[in-house]
Structures are given as structure tokens and as C-alpha cells.
Amino acid sequence: MTSGRLLRSFAFAAALFVAGAAHAAGQEARLTFGQLMATLAQVSTSHARYREVKHVSMLKEPLNLSGTLFYARPDRMEKRQTRPFAEVIRVEGDRLTVERDGRTRSVSLRGAPLVDALVESLRATLAGDAASLESLYEPRVEGAPDRWTLLLTPRDPEVAAAVRSIAVAGSGARLARIEIVEPGGDSSVMTIEDESP
Amino acid sequence: MKLYPRAALLLWTALVAGSAWWVGRHAHFSDELTAFLPASTGRAERLLVEQVRAGAAARTMLIAIEGGEPAERARTSRALVRALAEDPRFDYVNNGSAESTHAAGNIVLAHRYLLSPGLDASRFGERSLRRALEEDLEQLGSLAGLAFKSTLAYDPTGELRRIAEAAAETAPARRHGVWFSGDGERALLIAQTAASGTDALSQQAALDAANGAFARAAAAPGLRLVVSGPGVFAARTRGAIEHDARWLTGIAGALVALILLLTYRSALTVALSALPVLTGLLAGVAAVGVVFGSVHGITLAFGATLIGEAVDYPSYVFTQRRAGETVIDVLRRVWPTLRLAVLTTVFGSLALLFSSLQGLSQLGVLSMTGVLVAGLATRWVLPALSARAAPASPRAVPFDLVRAGTALRRAGPIAWLVLAAAVAFIALRHDRLWDDDLAHLSPLPRAAQDLDQRLRADLRAPDVRYLVVVTAPSREEALERSEDAAATLEEGVREGALGGFDLAARYLPSRRTQELRRAALPDAATLREALAGATRGLPFRPGAFAPFLHDVEAARKAPLLSLEDLRSSGLDLKVQSLLVPREGGWNALMPLREVRVPARVRALVRKAPYGSAAFLDLKAESERLVGGYRRQALSLAGAGAVAIAALLYAGLRRVRDVLRVMLPVYAAIAMTVACLLALGDGLSLFHLVSLLLVLGIGLNYALFFNRAGPGSGNERETSLALSVCFLTTFAAFGCLATSRIPVLSAIGVTVTLGCALSLANAMLMGRAHRPPCALMDRRPALQRSAGATDGPCARFANRTRSR
């Protein structure tokens, strides 16, 4: 590990420690990033329904989208949108496939940093993949195991130009809400209802 | 002192002084590798050579940063780009960052309506606009929406996206905002040097500049700079050949000097031995300079080895000196044979001399002149010099090659069996005899070539093998015709026959196309009305597309895009590299990617209008060229063999003797070829050149063997001469064989092997001195030597001796 990373990790650990200490002085059990990842990593598959509301400045009214989410360990994810138009996004490994209007397009995530960052904010979180998340974002966890928020700030300037921050909220090993805030003020909120058995 | 030695010394001094003066004053040593690249006749060939020589591709430097963390690689990449952009040795450098693509991005943005592929009036009708806006809404909702949103207001019809998609085909993957290899292990940059790709010295300077800039830019320890490209190859080739040539010739020279010193026990004699070959080299270089104007560095290196045979000439004289003899006395006996030895080599060099590959014909001139002058120096200058300083008498060797040869005659049939096996093996492999791949002629190690392949793939640089070339009388027409050819090639892309292609018209469309696109833009009122209709019922805010209306109106009135507009964006270099002037016209080059079905692509290109587009397979093309040179060299070698046979007949007067001298050598060459084939892939031009040297040296062995026979009275001298000559050759070329440069080691292995086999063959099948001088005389050696003095072969020996 190089000194830069070492330093960052150290600073992060120190911040956690300080935050933790402050919190401990308060009351309930605090959740660390590592603990959260470990909890999430126990889920092998999950099915969910989602609703997404996008606020776009160019539009008079927000966009309302909905569909289903499917995740299977270690790296398979499917986002099946049904409204207002049908679109299926499949991710497996480095391949992202988009199916819309009967056309299928496939891209490499590595070649598309922004899309990669967006995909991983969901996939790596579902997977509890701490390393991937940390390589793309500076993660910060707030709250307790039954009610936590994972704050992600992009490291890559190109991603940061389009995404100011991502906040993933959940309880236990389940994700409940993902909010993406853009630098221009636009935002999107996805609410997730887990349907896993 | 008699008149002749004085005249000889005078002439020699004049020759040496003249040559030295000429070499010192006029000789221009060139590092350009192109003398060893095929010179050109056909269009494809000219283009090939030109591309290798000076084309933009030849000036491209592929740069990678390895090691460390990805973010550190990216940071270093940015710093390196900034440093190289300031360096006058580089015309252009790009790492795919927003910084490096900023200028190009602005041009594309400003001229998107002239650049967008497939743009026509229908795109701005109400229905098309409606479709585009609905698509935009979907995009907003999708993953890509985030990136796409910023351009929506002024580009709702997605022209930028279309241009980007076409460009993405040729762009590498990106991470941390800069180009990376697909696996993320290397940050990538591409640079174009100001100097020509074959100017090895300037390329070395550019390489040093890149290394220096990297050392200052490196963001962390553990990062490494990896550089490749034709120019880098040129610089490294020069460096590697220089390094190996210096070291190996140093070691070889020391070994040869040691062998000679051990033999003569006199430094003076060793010095005298070196004199003819050095004189020959000097005269040879001067001759090449006079004939060609410049001497190629490689010619010098290989030429020096080619006339290495001349080191043997003094050895043949000094080692055969008997007690009480002067050098002139020895020469009287030995000269007729030595003269044949010299002349056969001169004739053998014909194969090189008449080659239309300039590098080879330079080699021919050098070796012909060099050997001839060395021979003359041995004959006339050595006696003149040693009249004052008598050379030491040589040490006797504790074995007798000639007697061993006679004893080995019993084993003669083995040689014939081996020869038969070798010929059979060659016949079996006749279809895979030759390796005409230019890459294999490259003196660079395989690893360097592999690295280049990898970087090329990472940078999505086009296939270096396939190319479509469009010819036209003017630049505009070249652009137009390449656009037409592109339309047909698109068909191939859809079918999957090829992955894609690039062309100058992508960055600078022809005026015809630009005018068509500009004329397709509607006036402000029409567009506003169409847009109003198209947005009805969609959730866009009123006035959201004002920037779009403004930009279209501006584009309608803007002038067409010209090459000047692309200046200093990197796009101009791209256009210039793909659109090159030819005498009396222009060529538009279309590099292809991932050609899967070459035949289909060829057929498609043939369908393109005007018949002005040609599909080139540069590899096949260059192999065809090299094959041509090889066939030419081979037929010239054949002519040389006939000339040598005639010469030997003139000297030896008996067909049997001629055969006896030539057969062992040609048998050795056949065996060497079989060995080389068994060892490696195939024979290259350089093997062929080395075999010529084997021919020269081998003929010497056979000639001297033929001259000496039991009873001829010179077995011991001949044995010593051959031992010394063989040992020096073996030492010198054995060193060369250890080189890591394929070409040098090929020469070393071929010559070492060939000479050893020549000597063995000369012993095994060479001499028989009793009628009928049977080639396969199985009688015991003693029985044969009994009648040694009365056979025709002995008569020959007597005759040579009496001269």
C-alpha cells in the first residue's frame, strides 16, 4: 500500500474513531463501514421493486420510473424498468447490456467511468464489496445497524462533475433508498421495497 | 629494396590515404533503416515504404505507464502530457484527458452540424424532432442520462452523440479521466515526434526526452515508463546493434588476436595479419561511399563480418612458411590457390551487388572491394613489409587435419548419407523454406514486438496490416472518394467482415458533404415551428431548447470547416496522417480495424465507385517484396555459382577438381540449411547473405585441402593453415551467434555451422588423388596414398606447387 492510501485510510480510521467516540458518548451501538459491508455481504440473492423520481431542471415535472431489481452474488445485477417505458439493464462482470425498443447495446464498464461508478454504487453496495466502493468513492457510514446511511462521494473528477454525492439508506442487510444529488441541483430518489423471500 | 616492393608500398599508402581521406571528408554514415527496407516500384510498395519511412504512423510513439496505483498512473499521465506538449521534439501528445481533448472537443461542438454523419434535412422535421425528444426523455431516465443531460439543451437531435459514437470506435478505454488499457494496468498516451520515424538519432533524442519528462512527472516510486512505436524501434535497433556489435566484435577480435598470437608467438605477425583486412575494410567503405553517396551503419557492421574471411588470407601465407623461406617464397607456392580463393568470394558477392535492395547491394560493393583489396594487399604489401620485418615462424599444431581427413575418408559415406538426409529434409520442407516476414528481419527481440502489439491493441490503434487507399488528383476529390468508399465499407462493418475503419473525412468532411449538411439545416422560423409541434405534450420546460435554435441558425451562416480550423487540436495531425500528397495527386488512407474476412473487404473495396480505392494487405505486400528480393538474390547466387565454377575451371583445369572443390561446400550449405530449418522457422535474407560468406570461406577450405595431399609435401602447413583459419572464424562468429539480436545471431549461427560443416566435408568428401578421383573412394587410405604422386590430382598438386 502506498503512503497516499495509507494516509487516507489512517485519516479515515481516525475520523471514524473520533466520530465513534462522540457517538459512544451519546448512546446506541454505532455501525462502521466494515461492519455494514460484512452484513451486506451475507445476502446471496435479492429481489426488489423500485420507484424512482428524477427531478430535472429542463422538465416541468419530475420523471417517475419504476420496475424491479434483481441481484445475484457475486456480480450479477438486473434492473428491469417497466414504466414509463420498458428497459432492461443487465450487468455481469465488466459487461453492461441495455435492452430498449428491441435494441440491445453492450458496453464495457471500465470504458465508461461514470456509468461504472453509478452501477457500482448499487452493485458493490449489494455485494458488500468494500474494496470496489472505496476505489470509486469516499464512503461514510452514519446510523445504527437497523437504520443506516452510506454516504458516497466520488473520487474521480470526471464522475464528480456529474454526481455530487450518493446516499444509500437501509436497515440490516436491506437497501431502502438511494438518493443521487448532482452538482447542478438535479437529483433522483429511488425507493426500494425488498421482495426477497 | 627492389622496385616492386617499393611500388607496392607506395600504391598501398596512396590507397589507404585516399580511402581514409574520402571516408573522413565525404562519407556520410546513415542510420536510416530504410536502405534495408524494400525500395519501391509499384504503388502499394511505394506506399508501404513511405508509411514505414515518414508517415504519421512511423512518427507515432505509444507510451504506457505501469506499476503503482491507478490514480498515481493517471496523475503521472497528466503531468507527462503537460511536459511533452511543451517539448519541441513532439508535435502532439494526447492521453485522452479532457485537457488534451479540449481543443478537439470545442471544434466538434462548434461544427457538429458539418461533422455529424448522416445528417440531412429530415432530421429537423417535426416528426423526427418528436422522435428525438422522446428518445431524449428516455435517455434522461436511463443510466446514461447523467452524462447526456448537459448537452441536451443545445443538441436535442444528438449530433454530438453520433460523432462521439463514431469516434469511440477508435478511442481507448478511460479511467480516472485518462486513457487506460482494458485491464486498467497501464495508463496510455500517444505522441507524435517531430522527427521522421526512421531518423534513429532524433528518435533517440525524443525517447530520452520522454524518459526525462517521466522521471520528473512520476507521482510515486514503482511507476515505470514503457515506450514503443516505429521510431522507438529505430532508435533501439541502432542502440542494440551498436552495443552488440561493439562488444561482440571486441571479444571476437580479442579471441582472434589471441589465437594468432598463440600460433605465431609474435605481435608483429599478428599486426601484419590484420593489415589486409583493415585495408580492405577501409577501401570497401570508401567504395560504397563513392557509389552510393552514403554508407549505412548496418552495411558497415555486416560488411565488416562479411569480409572477415580476409583475416584468413595472411594466415594461409604465414602458416605455410617453411624454415628458411621468405614470405615471397611462400606466396609463390600459395598464391595461385589463394587467388582462386579471393576471386571466388568476389564472384560470390555478385549475388549481393546486383540486388535491387540498396542495403544488400551496398554490402555487395563493400565485400567485393574489401576482399579484392585484402587479397591484393596480402599478395603485394605483406611481402614488401615483411622484407624488413620477417614474420615469426608459426608454432606447429599437434594434429594434422590433412592426415585426419585422409583417415576420415573411410567415413566419407556418412557425409553423403547426411547430405542425402539434409536434401530430403529440405525437399520435405520446400514449401516452408523461406521466412519473408519483415518482422522477423527486425533486429529487435520478440518481447519488444509483443509489447508493441499489446500497446497497439490497448490504444485501439488500427491494424497495421490492412489498409484501404483511395487515390485522386486533388485533396478534395480524395476526401470525396474516401467518403464513397466509406459507404461501401460500412456494409462490411454491418456484416461483421471488419470491426471498423478510420478516415480523414471523419474529421474533415469533403466540401461536397459539408455543403450538403449545411444546406439541410432549416431556417429559424421553420425550425421553431417544428420544435413547437414536436414538444407539444412532452414535459420539457418552455424555452428549454433556445440554445439549440440559436446554434442551428449560427451553423447555417457559418463558413465550411477547413484544415486550418483544426490547427493545434490534434485533429489536424490526424487528417494529415490520413490524407497524404502523392506525386501528381493525393492519397486518402483508411486504416482498418479487426479485419475478419479480408476477402470480403477486398471485394467491397473493389465495388467502390471510380475504381480508385485499393485494399492493401501490407504484410502480404511486404512479404511479396521480400520474397522478390530473396528470389532475386537466389538467382544471382545461382549465377554466382556458375561464375565460381567457371573460375575454378580456369584455375584448376579439370572438371573433377572443380567438383571436388565445390561439392563439399555446397553440401555443407545444404546441411546448414537443413539444420537452420530444423532449428527455426525459415530462412531469411540475412541467412542467405551469411550463406554467401560460408560459400567464400568453405571454398577456401576446399581449395587448400585440394591442394594438399599425402605426398604433396605440404600436409602439415595446410593443416596448420586450415586449423588457424577455422579457429579464428569459429571464435569470431561463435561470438556473434550469442547475440540477442536475431539478425546477428542468425549470421553467427549460420556461419559457424556452415564453416564447421564445410571443413568436415572438405575432409570427408573433398580430396582423392588417385584416378579416377572417385568421389566415393572406399579403399583404405594407405592403399590410396601409395600412388599419390602419379594421379591426375597429384599432377594438379604438382602443377600448383611448381607455379
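Me: Which angles between helix axes count as roughly antiparallel?
Reply: Angles run from 0 to 180 degrees between N-to-C directions. Those under 35 degrees count as roughly parallel, while roughly antiparallel applies to angles over 145.

Me: How are α15(B) and α17(B) oriented to each other?
Reply: In this predicted model, α15 (residues 327–348) and α17 (residues 358–386) of chain B pack with their axes 10 Å apart. The angle between these helices is about 175 degrees. The cut-off is 145 degrees, and α15(B) and α17(B) are therefore roughly antiparallel.

Me: Which class supplies twelve residues to the contact of α15(B) with α17(B)?
Reply: From α15(B), the residues that meet α17(B) include B:L331, B:W335 and B:L338. On the α17(B) side, B:M368, B:V371 and B:R379 are among them. Four residues of this contact are polar and one is charged, and the twelve are nonpolar.

Me: What distance separates the end C-alpha atoms of α11(B)?
Reply: Helix α11 of chain B covers residues 230–264, which is 35 residues. At 1.5 Å a residue these should span 51 Å. The distance in the model agrees with that, at 49 Å.

Me: Which residue just after α11(B) takes a positive phi?
Reply: The helix ends at residue 264. Just after α11(B) comes a phi of about 55 degrees, and the residue that takes this value is B:R265.

Me: Where in α12(B) does a kink lie?
Reply: Helix α12 of chain B runs over residues 267–292 and reaches 37 Å from its first C-alpha to its last, close to the 38 Å expected. Its kink is about 30 degrees.

Me: Which element gives the largest share of the side of chain B that touches chain A?
Reply: In the contact between the chains, 25 residues of chain B meet 27 residues of chain A. On the chain B side, α7 (126–141), α8 (145–152) and β4 (173–175) each supply at least two residues. The largest share is four residues, and these come from α8(B).

Me: How many residues of the side of chain B that touches chain A are charged?
Reply: By class, this side has twelve nonpolar and seven polar residues. The charged residues number six.

Me: What percentage of the residues of chain B count as buried?
Reply: Chain B has 35 helices and 13 strands. Of its 803 residues, the buried share is 52%.

Methods
Residues numbered from 1 in each chain as written. Chains lettered and ligands numbered in written order. Predicted model: local features only at pLDDT ≥ 70, side-chain atom pairs only at ≥ 80, totals over all residues. Contact = placed C-beta atoms within 7 Å. Nonpolar A, V, L, I, M, F, W, Y, C, P; charged D, E, K, R; others polar. Buried ≥ 20, exposed ≤ 12 C-beta atoms within 10 Å, placed from the backbone. Parallel < 35°, antiparallel > 145°, perpendicular 65-115°, else oblique. Expected span 1.5 Å × (residues − 1). Bend = angle between axes of the 7 residues up to and from the residue.
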